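Please look through the sequence and the model below.

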Amino acid sequence: MIKSVCGYCGVGCGLEFEEDKLRGDLVYPVNEGKVCSKGVSELLSIQTPTRLLRPHIRETLHDELKTTSWDNAVDVIAKKIKATTSDKIGFYLSGQLLTEDYYIANKLVKGFLGTNNVDTNSRTCMSSAVVAHKKAFGIDFVPVRMEDVFKANLLILAGANTAEAHVVFHNNIKRAKKKGLKIIVLDPRFTDTAKIADLYLPLKVGSDIDFFNLVSKRIIDENLVDEKFIKENVNNYELLKNKFKRVPITKMLKRTGLSKEQFEEFWEIYKNSENIISAWTMGLNQSVQGVDKNLSLINTHLLTGKIYKEGNGPFSLTGQPNAMGGREVGGLSTMLAVHLGFEKESIKKVSQFWDTNKIDNKVGLTATQMLSANLDVLVICHTDPVYHLPNRNKVERLMKKIPTVIEINAYDNSETSDFAHIKLPASPWGEKEGTQTNLDRTITKQEKLTRTSIDCKPDWEIFQLIAQKLGFKNAFNFQSSKEIFQEYQEMTKLSNHMDIHKADYDDLSKKPFVWGKDIVLKKEFFTKNKKANLHFVQNKLLSEKTSIKYPFILITGRTRDQWHSGTKTNLPKTLLKFKDLDFCEMNPLNAKKLGLVDNDKIKIQSIRGEIESKVLITDTIRVDTIFIPVSNRNINYLTNDLLDKDSLQPDYNHSAVRIEKL
C-alpha cells in the first residue's frame, strides 16, 4: 500500500493506493478517510487518450507540430533563451506544480537568468489574499487551520462555495454544525453551501467592502473592540476609528442589497459569538478591489482580537493543491524566495545561498502582464492561460505575437496548445513524487503510484535539463526531488519565520508537517514594529458598470465535480452526472422578461466577446445577475480584464453582459 495526497483542490486529502484502487486515508488528519468524487477518480486521468507523451516542435503556428527528441527540444529552447535578453523571457507556472518543481524554476529564472519574470496562475486566484496578508501581518501567513471550525462558534463564508470547491472541508463544516457551529453565508447565489447556513445573506456583487465596513463600524460603536489586544498588537486604530465616524451607513447598506432587518439578524449572531472564523475564496479575491475586500474582512478580526486563538481568525481558502507551496517557495514574480522581497539585504542572502550574482532588484512581470510585455520566449507549465485569463479575444491576439511559446503539460488538449511552438510532456499526478502545501500550511508528499509514461519527465527535471543546457550544471545537478526539498529546507532558514527545515521528507506521506505553529502560539506579526496593521478601505465602485445595453452582471465559479478546463475531469463519466459542463443560471423574473424557459439556447455578449449557453432558471440567484461555471471553456471571451492595482488579480466576477434568445 502506498500513501499519497490528492492533486486537486487546496484541502489536500490523504489517499491510499493498493492494487489499482484508490481510497481515502483513514488516519490522515485532514480527511480521515473521506474523499470527493474528483479525488477518488484521479487514477482514471493518468492513462487517457488525451495524454501528451512525446516532445513536439514546429517553426511557426502555421506549421504542423511534429515529434522530436528531448535533446533537440531542449537545445532549441536553450538557443532561444540565449538569443534574447533576460527581460524578454517569462515563465508562467501553476498551483498544480509540486514545491520542488516551483523551486527549480524559481532558482533558474530569478537566480541564473537574471529576471524575476516567473509567476503562476495563482495570480488569478490568490494574489489579492497574499498582498492583504502582507499589508496586515507583514508576511503572507494564513493564521487559521481547518480543524479550527470544531472550536469556533460562528463561521462566516464570504464568496466561498465550500460545498463545491472544498468538498471534504465542507463535510467537516457540517460535522461542526452538528456540534453547535453557526454558519452565515454571504453570496449573490443561494449555493449548495448556503443550504446548510443558519443565515443566508444575498449580498450584491461587489459590495463586500461595504458589508465588512458596516461590521467594523458596529464593533467600534458598540465597544466590542478588544482594547488590550489593540494596544499590544495593532497599528492605526485611532485613525480607523476617526475615519469610521464619517462613513455613510445608509448608503453602504443600500449598496449591499440587504435590508436593515437582515443586517440586524446577522449582527445578533455575530456579537453573541465568542469564537469567529471568516473564510473566503474567489468572491473576494477576484476583484478590481480584491486586496481592499480582504483588508476590510481582516479588520474585523484585528478589532476584536479574534485572531491567533483557537477557533478564530481570517481564513483564506486556496483553490489549487499547491498554491500555498508556490507562495512559500517564491513562485510569484512579486517576491524573491521563502517570503523574501527584492530589498538589498534579501538579494544578498539569496545570492550567497544560490552562489549567483544575477538577481535583479526589480519586481517581475505577473501572469496578467506577461502576454502584453512583448516577450520573445514564454514557458507555460501545467496551466492554460488562453483558457483562464480574462478577455480571451485579446489574449489570443497577444499569444500569436510571441515568437516562442513552450508548453510543458501532461495533457494534449489545452486551449493554449494551438499557440505553442514546442510542447514537452510532463508527468502528471501519480507518475511523480514531491511535496505540496495545502490551504492551512500542511506539507505532505505526493507519491509515485505507477511508472512514468513513455517520454514524460517530472517538471523539475525538465527545468533542470534547460538549466544544464544553458551552462548551469553545477547549480542544477539534483538526482531526486528529495535533494531539491532538502536544499529548499536549508533556504527557508534565511527567513525569520519559516520553520520548514524541521520537516522530514521521508515521513511526509505518513506524517504531514504543519509549519508556522510558533507564529500562532507567540501571536507574532512581522511588520517593522511587530504589530498588525488596520487599513481603512472604501468601496470605490471601480468594477464594470451595467447599462441599458449590458444590463446583467456575470459571475463565475466552479462546480463540484469539474476542475478548471476539464482536461482530466471531463473524462470519467461519473464526473459528468452532477451538473452540466455548461449552463447559465438566471433569476425567473429576468427569464420571464426575456421570454426564456429552461434549456433555451442563448447568446451572452459583453463588450469583449460573446459565447453561447443554455438557460437554467432558478430563484437561487439575485435578479440581474447570472452565473456561468468555469467548466464552460469559452467563459473568458466575456470576462473583464480590469486588475486590482496592488495584486494585479483580474475582476472575474463583475462583467457587464447582455443576453439574447437563439
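The model is predicted: local features need pLDDT of at least 70, side-chain atom pairs count only at pLDDT 80 or more, and totals for chains, interfaces and linings use all residues. Residues are numbered from 1 along each chain as its sequence is written, and side-chain values use heavy atoms, with hydrogens and water left out.

The loop that holds His497 runs between helix H19 (481–492) and strand E19 (513–514). Helices (H or I, at least four residues) and strands (E, at least two) are DSSP runs, numbered from the N terminus. The His497 side chain makes polar contacts with the side chains of His339, at 2.8 Å, and Asn496, at 3.1 Å. A polar contact is a pair of N or O atoms within 3.5 Å; within protein, one must be able to donate a hydrogen and the other to accept it, and residues adjacent in sequence count only if both atoms are side-chain atoms. Not counting residues up to four places away in sequence, His497 touches Ile139, His339, Trp515, Ile519 and Phe526, where contact means heavy atoms within 4.5 Å.

Asp561 lies in another loop, between strand E21 (552–557) and strand E22 (584–586). With a relative accessible area of 3%, Asp561 is buried. Its side chain is joined to that of Ser37 by a polar contact of 2.5 Å. Beyond neighbours within four places in sequence, the contacts of Asp561 are Ser37, Lys38, Thr569, Thr574, Leu575 and Phe578.

How are two packed helices described? By the angle between their axes and the distance between the axes. For helix H7 (residues 208–221) and helix H13 (residues 290–304), the axes come within 8 Å and cross at roughly 15 degrees. Axes are lines fitted to C-alpha atoms, for helices over the stretch in contact, and angles run from 0 to 180 degrees between N-to-C directions. H7 and H13 are therefore roughly parallel to each other, the word for angles under 35 degrees. Residues making the contact include Phe212 and Ile219 of H7 and Leu297 and Leu303 of H13.

Helix H18 (residues 459–469) has as its buried residues Asp459, Trp460, Ile462, Phe463, Gln464, Ile466 and Ala467. Just after H18, Gly471 takes a positive phi of about 100 degrees.

Methods: Buried means under 20% relative accessible area, exposed over 50%, partly exposed in between (1.4 Å probe, protein chains only). Angles under 35 degrees count as roughly parallel, over 145 as roughly antiparallel, 65 to 115 as roughly perpendicular and the rest as oblique.
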